[in-house]
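This report describes one protein chain, part by part. Please look at the sequence and the 3D structure first, then read on.

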Amino acid sequence: MKIIIQSLLKGLAILLPIIVTVYLVQWLLVTIETWLSPIWKAVLGETYYFPGLAFISFLVLTVLIGFSTRWRFMNWVWQLPGMLMNKLPLLRSLYGTVNDVFEMMSGKDFAEESVVLVTLPNSETRLIGIVTKKSGDNDDRLSKMLNDDQVAVFLPMSYNVGGYMIMVPKNCVESIDLKPADALQMTISAGLGKNRDHKSN
């Protein structure tokens, strides 16, 4: 019986991540197809439309939008919906949180030495964190709260979408050679994942 339970748990550990990943990809594909296929069917007609055209057009549109941000005016145009959402009370928190998470995962607006080891005061415990703010930015509310010798650090939690933001002295942090996305993956998986060292050739 013990062998069966152990085999069941190992099987679930293998299958569940695959199932969840496939489900999320399927949900994304179905959502894009549902939104864009009526437009293509109206333009091309049922005869010339084929499944997958909506997703292909979505990828092309995404690339074009990303490329167009090279020009300041177009970048402002694409930022406009986000700026409007940030002014709406109900959407501001949701959009801001989702946007911040995507920016953190992509490493946007982070310095090269943003991933740090935080040594808690009067302790030998060290935590992986990401420096999100430094003092000196008068236009940022959090930055104005920091003393000159402090930094704000985000500490992600293992197996949870969340974490803590702490303000610690600069001498409590030590930069490590990790990208923010890699640091998040390592921390969220509690170090159990295959965190391979990506070395450039």
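## A buried serine and its surroundings

Ser 143 has a relative accessibility of 2%, so Ser 143 counts as buried. The cut-off for that label is under 20% relative accessible area. The model discussed here is a predicted one. Ser 143 sits in helix H5, which covers residues 141–145. Leaving aside residues up to four places away in sequence, Ser 143 touches Lys 134, Ser 135, Gly 136 and Asp 137.

## The chain as a whole

The chain contains six helices and five strands. Going along the sequence, the order of these elements is α-α-α-α-β-β-α-β-β-β-α. Of the 201 residues in the chain, 18% are buried. Among contacts with a separation of 6 or more, 35% are between residues 24 or more positions apart.

How many residues of strand E3 are buried? Strand E3 spans residues 150–156, and seven of its seven residues are buried. The cover is found on both faces of E3. One side carries Gln 150, Ala 152, Phe 154 and Pro 156, while the other carries Val 151, Val 153 and Leu 155.

E3 pairs with strand E2, residues 126–134, and the two run antiparallel, joined by four bridges. Within this pairing, Ile 130 has Phe 154 of E3 as its bridge partner. E3 also pairs with strand E4, residues 163–169, again in the antiparallel sense, over seven bridges. Here Gln 150 stands opposite Pro 169 of E4. Phe 154 and Gln 150 both belong to the side of E3 that also holds Ala 152 and Pro 156.

## The salt bridge

The structure has one salt bridge. It is formed by the side chains of Arg 126 and Glu 174, with 3.4 Å from N to O. Arg 126 belongs to strand E2 and Glu 174 to strand E5 (residues 173–175), so the pair ties together parts that are 48 residues apart in sequence. Are the two residues buried or partly exposed? Arg 126 is partly exposed, at 49% relative accessibility, and Glu 174 is partly exposed too, at 43%.

| Residue | Relative accessibility | Class |
|---|---|---|
| Arg 126 | 49% | partly exposed |
| Ser 143 | 2% | buried |
| Glu 174 | 43% | partly exposed |
| Ser 189 | 16% | buried |

## Ser 189

Ser 189 is located in the segment after helix H6, which covers residues 180–188. With a relative accessibility of 16%, Ser 189 counts as buried, because the cut-off is under 20%. Ser 189 is 31 residues away from Ser 158 in sequence, and the C-alpha atoms of the two are 5.8 Å apart in space.

## The second largest pocket

The second largest pocket holds about 590 Å³ of space. Its lining consists of 15 residues, and those nearest the centre are Trp 35, Phe 58, Leu 61, Thr 62 and Ile 65. Two or more lining residues come from each of helix H1 (2–44), helix H2 (53–68) and helix H3 (72–85). Which helix gives the largest share of the lining? The answer is H1, with six residues. Sorted by class, the lining has nine nonpolar and six polar residues, and no charged ones.

Key
Residues numbered from 1 in each chain as written. Predicted model: local features only at pLDDT ≥ 70, side-chain atom pairs only at ≥ 80, totals over all residues. Heavy atoms only, no water. Buried < 20%, exposed > 50% of the residue type's maximum accessible area, 1.4 Å probe, protein only. Pairing = 2+ DSSP bridges. Salt bridge = Lys/Arg side-chain N within 4 Å of Asp/Glu carboxyl O. 1 Å grid on protein atoms, 1.4 Å probe; cavity = no way out; pocket = protein on both sides within 12 Å on 5 of 7 lines; lining within 4 Å. Points joined across faces, edges and corners; volume = space filled by probe spheres on them. Nonpolar A, V, L, I, M, F, W, Y, C, P; charged D, E, K, R; others polar. Contact = heavy atoms within 4.5 Å.
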